[in-house]
Amino acid sequence: MQLIFMGPPGAGKGTQAQLLAALWKIPHISTGDILRACVVAKTPLGEKAKAYMDAGELVPDGLLMDIVQERMNQPDAKAGWILDGFPRTVPQAAFFDTLLCDVPGGGPTSGKDCALRAVNLDVPDNVLVTRLLSRGRQDDNEQTIRRRLQVYREQTEPLIEFYRDREQLVAVDGDRSMQEVTAQLQQVLSRNS
Ligand code: ADP
């Protein structure tokens, strides 16, 4: 199982990814979690990333590519994974294609033998803002939320077409209860894999 979870901030992809990864016994790899851990640990990477994250901007592609490459080469990634928050830009997706050709257990990245599926959780903006404001993470203030949504529409949303063109897109309505979304994901992903 090789899954990419996409969707705007607040779509619930982290929650669903964590739940399904535990169920399927594969790692949940969240670039947001990795970056936040680097910020807390004050590593050089964390020091570079912090200002972007606090402003609701994307961290530069190059830093993400290094993080993901290192993580994908760890032994637990062989059996599959759920990637949450990556790729988030078209250059990241292109990089990921070349990376998947090299990692152990990676396999083909396109064509009918490809195991990769990109899941998009769709949720309207007004619901997202309400959810994020009640979550209260450090970067969840109104100004940053608006910027993150704008960045998502500009830089990440084009990936929906990217994966649709490659017949790897799985679209799911995220504007329902957590349990309903989980059930829907289980249903469509078992049919697709
Ligand atoms: P959200 O829950 O809002 O979708 P994440 O926890 O996935 O946010 O990520 C938080 C922040 O980390 C983002 O706003 C961004 O600054 C940075 N980040 C995470 N993943 C990426 C990525 N793939 N490319 C660039 N920046 C990223």
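Reader: In which sense, left-handed or right-handed, does α2 pass α3?
Author: This is a predicted model, and in it α2 passes α3 in a left-handed crossing.

Reader: And at what angle do helix α2 and helix α3 pack?
Author: Helix α2, which covers residues 31–40, and helix α3, which covers residues 44–55, pack at an angle of about 115°, and their axes are 8 Å apart. With angles of 65 to 115 degrees counted as roughly perpendicular, α2 is therefore roughly perpendicular to α3.

Reader: Which residues in α2 and α3 meet there?
Author: From α2 there are Gly 32, Leu 35, Arg 36, Cys 38 and Val 39, and they meet Leu 45, Gly 46, Ala 49, Lys 50 and Met 53 of α3. Sorted by class, the residues of this contact of α2 with α3 are 6 nonpolar, 2 polar and 2 charged.

Reader: OK, what about α6 and α7, at roughly what angle do they cross?
Author: Helix α6 (residues 125–135) and helix α7 (residues 142–156) cross at roughly 135°, and their axes come within 10 Å. The two helices are therefore oblique to each other, and their crossing is right-handed.

Reader: Which residues meet in that one?
Author: On the α6 side they are Asp 125, Leu 128, Val 129, Leu 132, Leu 133 and Arg 135, while α7 brings Glu 142, Ile 145, Arg 148, Leu 149 and Arg 153. The contact of α6 with α7 has 6 nonpolar and 5 charged residues, and no polar ones.

Reader: Changing topic, which residues come nearest to the ligand?
Author: There are 18 residues around the ligand, and of these Lys 13, Thr 31, Glu 57, Gly 85 and Arg 148 come nearest. Arg 148 is also one of the α7 residues that meet α6.

Reader: How far is the side chain of Thr 31 from a nitrogen atom of the ligand?
Author: An N or O atom in the side chain of Thr 31 is 2.8 Å from a nitrogen atom of the ligand. For Gly 85, a backbone N or O atom lies 2.8 Å from a nitrogen atom of the ligand, whereas for Glu 57 a backbone N or O atom lies 2.7 Å from an oxygen atom of the ligand.

Reader: One last thing, is the peptide bond from Phe 86 to Pro 87 cis or trans?
Author: That bond is cis, with omega near -5°, and Pro 87 is found in the loop between β3 and α5. In another loop, the one between α1 and β2, you will find Lys 25, which has a positive phi of about 55° although it is not a glycine.

Definitions and conventions: Residues are numbered from 1 along each chain as its sequence is written. This is a predicted model: local features need pLDDT of at least 70, side-chain atom pairs count only at pLDDT 80 or more; totals for chains, interfaces and linings use all residues. Side-chain values use heavy atoms; hydrogens and water are left out. Axes are lines fitted to C-alpha atoms, for helices over the stretch in contact, and angles run from 0 to 180 degrees between N-to-C directions. Helices (H or I, at least four residues) and strands (E, at least two) are DSSP runs, numbered from the N terminus. Angles under 35 degrees count as roughly parallel, over 145 as roughly antiparallel, 65 to 115 as roughly perpendicular and the rest as oblique. A crossing is left-handed if the near helix is turned anticlockwise from the far one by less than a right angle, and right-handed if clockwise. Contact means heavy atoms within 4.5 Å. Ala, Val, Leu, Ile, Met, Phe, Trp, Tyr, Cys and Pro count as nonpolar, Asp, Glu, Lys and Arg as charged, and the others, Gly among them, as polar. A residue is near a molecule or strand if one of its heavy atoms lies within 4 Å of it. A polar contact is a pair of N or O atoms within 3.5 Å; within protein, one must be able to donate a hydrogen and the other to accept it, and residues adjacent in sequence count only if both atoms are side-chain atoms.
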